[in-house]
Amino acid sequence: MRRPGWPGHADDAPRAETPTRAAGLARLASFVPHAAAYSRERNRVVPPHDGVSRLSPYLRHRLILEREAIAAVLDAHPRDAVDKFVSEVLWRTYWKGWLEQRPQVWDTYLDQLRRDRDGLVGTASTHYAEAIAGRSGIACFDAWASELIETGYLHNHARMWFASIWIFTLRLPWTLGAAFFLRHLLDGDPASNTLSWRWVAGLHTRGKHYLARAENIARHTDGRFYPQGELDEQALPLTEPPLDLLPRALPASVEPDMDTPSGLLLTPEDLAPEISRLSRLAFRGVAGGWDEGVEDGLDLAPPVVDFSRIAIADALSRAEAHFAVPSHALDEGDWLAATEAWACGLAVRQVVTLEAPVGRWRERLDQLDARLAKHGIALVRARRTWDNRLWPGATRGFFPFREHAYRQAHLDCPPGAADPELPNPKVVQSAADHPSG
Ligand SMILES: Cc1cc2nc3c(=O)[nH]c(=O)nc-3n(C[C@H](O)[C@H](O)[C@H](O)COP(=O)(O)OP(=O)(O)OC[C@H]3O[C@@H](n4cnc5c(N)ncnc54)[C@H](O)[C@@H]3O)c2cc1C
């Protein structure tokens with residue numbers, strides 16, 4: 001049903017996702033037969049976006065793993081036929097690894113966002129309110145704003161055009177556009193989102209920006225939109241004061257000491273503990289829950305919070321069955337205190353969690369670390385083998401990273417060996433042999 005006041009809204013846009021691992025695996029299974037058509041179809045922006053996988057909310061929360069998505073398509077198709085899809089999944093890992101080694105870019109973004117919000121007065125404030133309500137007057141932009149709010153998803157090409165129009169035609173601060181995306185995207189992610197907005201603006205690769213063009217929009221939307229004469233197609237890239245972008249060495253990954261009584265903590269950054277290096281460990285209990293503190297300053301939309309809430313509940317019940325221990329839903333109003341009380345109640349000396357990358361959950365884990373230390377409880381953050389091996393390669397551009405990733409893709413697991421993080425070593429071994437370049 002068309003919603004009043006949302007011009008151009010596509011009735012056949014993709015509906016809300018079911019936030020469970022089973023739904024993610026079902027989505028992956030239904031995409032696999034079409035994966036060979038991905039390189040041909042992926043740029044077409046026509047709802048319900050059948051040319052792309054729409055796996056991002058599942059990958060973002062690690063309800064399914066990058067490795068699983070890659071292995072599934074390689075298992076079903078010749079390597080060359082699905083190379084484009086594999087590369088796109090690797091972009092996710094690349095952005096993560098890039099930001100992990102430059103966490104100051106996220107901190108700078110949050111500072112700048114606060115300043116830009118405070119500085120939004122007069123007509124700029126009106127233009128901003130119109131843009132996020134889908135009333136800018138540019139039909140394609142308004143349709144994408146509405147689609148984003150209603151579905152929590154936008155096609156990659158639409159994200160690029162939207163960000164470009166936001167920055168170069170509407171002349172709004174990029175930080176606020178990135179925050180608008182984070183508020184509504186079910187896959188909203190500090191690394192992919194912040195760095196993609198910076199890339200469109202010309203801040204990531206200095207001086208190289210992405211300009212949305214009316215002809216290009218018309219071609220890839222099958223003529224649904226043609227904003228001829230409405231876009232600034234000549235704008236110059238944004239500039240900013242120099243930022244320290246030298247990559248910092250990643251801290252070493254920590255292994256839990258399993259002679260110590262331990263509890264397992266889940267966060268929505270990684271919700272597949274049964275397929276991780278932790279899967280064979282013994283815990284006294286498992287806990288997880290949404291944390292309202294994470295929302296501070298981000299103003300997340302209810303469907304985004306609900307997606308995480310339900311996904312955490314799904315992971316808790318899988319973990320309870322897998323580890324055969326009681327699960328505990330943490331109070332989201334005071335997550336820190338609730339986690340502290342759970343760990344003390346279990347009488348554990350160690351709380352183990354899968355690493356949360358740069359972002360709000362990382363900050364909360366830093367705070368939890370200090371709280372638990374007062375009770376003599378250690379917080380151990382285990383980094384996945386995938387991240388351990390691939391992230392360090394994200395020091396320069398994507399293409400050297402991709403080579404690094406293909407080399408490292410079979411990781412420390414010889415073909416045939418059973419590593420719980422490597423669902424299909426045989427197939428991933430064949431990816432590792434790829435003559436990338
Ligand atoms: C301005 C802007 C903001 C973005 N913000 C986010 C974000 O917050 N979260 C997010 O997950 N992605 C973000 N992206 C990347 C990309 O648009 C989405 O990952 C993709 O559209 C998700 O749809 P899909 O699952 O159908 O992708 P598919 O095309 O089917 O690709 C498969 C998977 O590969 C990964 N992938 C594909 N393209 C990219 C990319 N360019 N960068 C990183 N990973 C990619 C995703 O995990 C995706 O699920 C952003 C892109 C732009 C231009």
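Which side chains does a polar contact of 3.0 Å join? The side chains are those of T260 and D257; a polar contact is a pair of N or O atoms within 3.5 Å, where, within protein, one must be able to donate a hydrogen and the other to accept it, and residues adjacent in sequence count only if both atoms are side-chain atoms.

This is a predicted model, in which local features need pLDDT of at least 70 and side-chain atom pairs count only at pLDDT 80 or more, while totals for chains, interfaces and linings use all residues. Residues are numbered from 1 along each chain as its sequence is written, and side-chain values use heavy atoms, with hydrogens and water left out.

T260 is found in the loop between α12 (214-220) and β1 (262-266). Helices (H or I, at least four residues) and strands (E, at least two) are DSSP runs, numbered from the N terminus. Leaving aside residues up to four places away in sequence, T260 touches R349 and Q350, where contact means heavy atoms within 4.5 Å.

**The ligand and its surroundings**

The ligand is surrounded by 28 residues, and the closest are Y38, S53, R54, R92 and N156. A residue is near a molecule if one of its heavy atoms lies within 4 Å of it. The shell around the ligand divides into 15 nonpolar, 7 polar and 6 charged residues. Here Ala, Val, Leu, Ile, Met, Phe, Trp, Tyr, Cys and Pro count as nonpolar, Asp, Glu, Lys and Arg as charged, and the others, Gly among them, as polar.

| Residue and atom | Ligand atom | Distance |
|---|---|---|
| L55, backbone N or O | oxygen | 3.0 Å |
| W95, polar side-chain atom | nitrogen | 3.4 Å |
| D189, backbone N or O | oxygen | 3.0 Å |

The elements that give two or more residues to this shell are α3 (56-60), α5 (79-100), α9 (156-169) and α11 (190-201). Of these, α5 gives the most, with 6 residues.

**Backbone features**

Most residues other than glycine have a negative phi, and most peptide bonds are trans. R62, in the loop between α3 and α4 (66-76), has a positive phi near 50°. P47 and P48 are joined by a cis peptide bond with omega of about 10°, and P48 lies in the loop between α2 (38-41) and α3.
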